[in-house]
Each structure stands twice: as structure tokens, then as C-alpha cells.
Amino acid sequence: EPNNRHLALNLATVRLTSPEPATREKARADLALLVEQNSLRLEALRALTADALANRSLGTAEKWATQLRNEKGATFTDLLLFVEASRKNSDGDLALHDAETNAARSPATAAALITWMNRHEMAKAARDWALGLPAQILNAQPVPLAVAEAYSFLQDWSALQAWVDEKNWGEAEFLRLAVLSHALHRLAPGDRASMESQTAWAAALKATNNRPDRLAAIAQLAE
């Protein structure tokens, strides 16, 4: 029976993307029932919240996200779902402040929040919040990369260059060099800027040590 319930969860989640409205509604109803199953509650709430957000049903999204946030096993990613669901109403600022307080506790959660803000038209606020973090959080990866993304979203190429120039990102040095190349390329047209950008890019390629995962990461930055 537990296997059957997990199968029902997976099937309902897949059916949320069906082109047929009736199939999607049936999937939502099935997931709402699965919310009552303790072992499946978190996954069902996540699916329902994500579906409501995707369909811009913010009232429904907030309902499910509120339940999700209050679950004992809720993660920081779940909290971000609540922030997204609440951002258009009076609870939005409070939800974001709560997320900021939680995010400041570790580099991983801080970077997750900065990235989320960058991609929700809040890059300036993300940058400002990040620069106020304790040094041990601000300087620990993946936070520097997320801050670099904020500068890129803001198209503040001078600040981006200053952020990454003459730094050392340790194991992520290949990413720093790729970001530097990107900043130099955008900063100013001309042969010198192009040469400096190419030099930084060549250094980034070398720093990958030909590892496929690293090459893929800097390829994404180049897009």
C-alpha cells in the first residue's frame, strides 16, 4: 500500500502538466487527498504549491505554501515557495524578512536567497542585502558567485569587475575567471577590452582542468 500511495503521488504530479484541464483538476484533487498522508504530505504540498505558482493562482499558492512552511520537515527552498506565494500581498515584506533572517545562517541558504531574488526582479535588493552579510558568509561560495550574478542582472559591469578582480575563489577559481571575462567583455568595446576578456577566458578554461562539470558551468556563464 505505501508503494501504491507513492505511485499515486508521482502520477498526480505528472498529470499536473497535462494539456487537459479535467486531468489537471483531478490531479490537484488527488494531491489534496494525499496531503492528509503524513509520509507524503511534504511532497504533495510542494507539488500543489508549485502548480499554483506556475498557474499564477496566488491565493491557492499561499494556502498550500503556508501549510508547507509550517511543516516540521520544511526546507529553506520550501520557505522560498512561501515568499513567492506571498510577495504580492501584505505579508510579502514580512515573509521576505523571515527568509533573510534564515538565509543569513549559512552560505548555501544565503546564495539560494540571492539567486531567488535575482530571478524575481530584485537584484538590487539582493546585492544590498548580500553586502551586509558577515564576512564569513559573504566570502564563502556559492555566495560570491550569486552576488556576481546580481551585478550582472543590474548590468553594473564596473562593479562586477571590481567584485571578482584580483580575488581568489579557491576551488571555484575557474568561475571567477569566467565572470571576469564576462565583465571585461561587457565593460567597454575595443581591442584591448576584447584581448583582456579573451585572456581571462583562456585562464578560466585552464582552471577547469578539463573537468566536464566545470566546463559545463562556465559554458552556462558564457551564454
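Helices here are DSSP runs of H or I with at least four residues, numbered from the N terminus. One of them, α8, covers residues 123-131 and holds W129. What you're looking at is a predicted model, where local features need pLDDT of at least 70 and side-chain atom pairs count only at pLDDT 80 or more, while totals for chains, interfaces and linings use all residues. Residues are numbered from 1 along each chain as its sequence is written, and side-chain values use heavy atoms, with hydrogens and water left out.

**W129**
- W129 counts as buried because its relative accessible area is 15%; buried means under 20%, exposed over 50%, and partly exposed in between, with a 1.4 Å probe and protein chains only.
- Setting aside residues up to four places away in sequence, W129 touches E100, A103, A104, A110, L113 and I114 (contact means heavy atoms within 4.5 Å).
- W129 and I114 are 15 residues apart along the chain, and 8.3 Å separates their C-alpha atoms.

**S18**
- You'll find S18 in the loop between α1 (2-15) and α2 (21-34).
- S18 is buried too, at a relative accessible area of 15%.
- The S18 side chain reaches the backbone nitrogen of E20 at 3.0 Å.
- Beyond four places in sequence, S18 touches T23 and R24.

**F153**
- F153 sits in helix α10 and counts as partly exposed, because its relative accessibility is 45%.
- Its contacts, leaving aside neighbours within four places in sequence, are N118, R119 and A123.
- F153 and G59 are 94 residues apart in sequence, with 29 Å between their C-alpha atoms.

**The largest pocket**
- About 610 Å³ of space lies in the largest pocket.
- A pocket, worked out on a 1 Å grid over the protein atoms alone, is an open set of points where a 1.4 Å probe fits, with protein on both sides within 12 Å along at least five of seven lines; lining residues have an atom within 4 Å of a point.
- The volume is the space filled by probe spheres set on the points, which are joined across faces, edges and corners.
- The lining has 24 residues, and V179, H182, Q220, L221 and A222 lie nearest the centre.
- Helices α7 (107-118), α10 (143-153), α12 (173-187), α13 (191-207) and α14 (212-222) each supply at least two lining residues.
- The largest share, seven residues, comes from α12.
- By type, the lining splits into 13 nonpolar, seven polar and four charged residues; Ala, Val, Leu, Ile, Met, Phe, Trp, Tyr, Cys and Pro count as nonpolar, Asp, Glu, Lys and Arg as charged, and the others, Gly among them, as polar.

Definitions and conventions
Polar contact = N/O pair within 3.5 Å; in protein donor to acceptor, adjacent residues only side chain to side chain.
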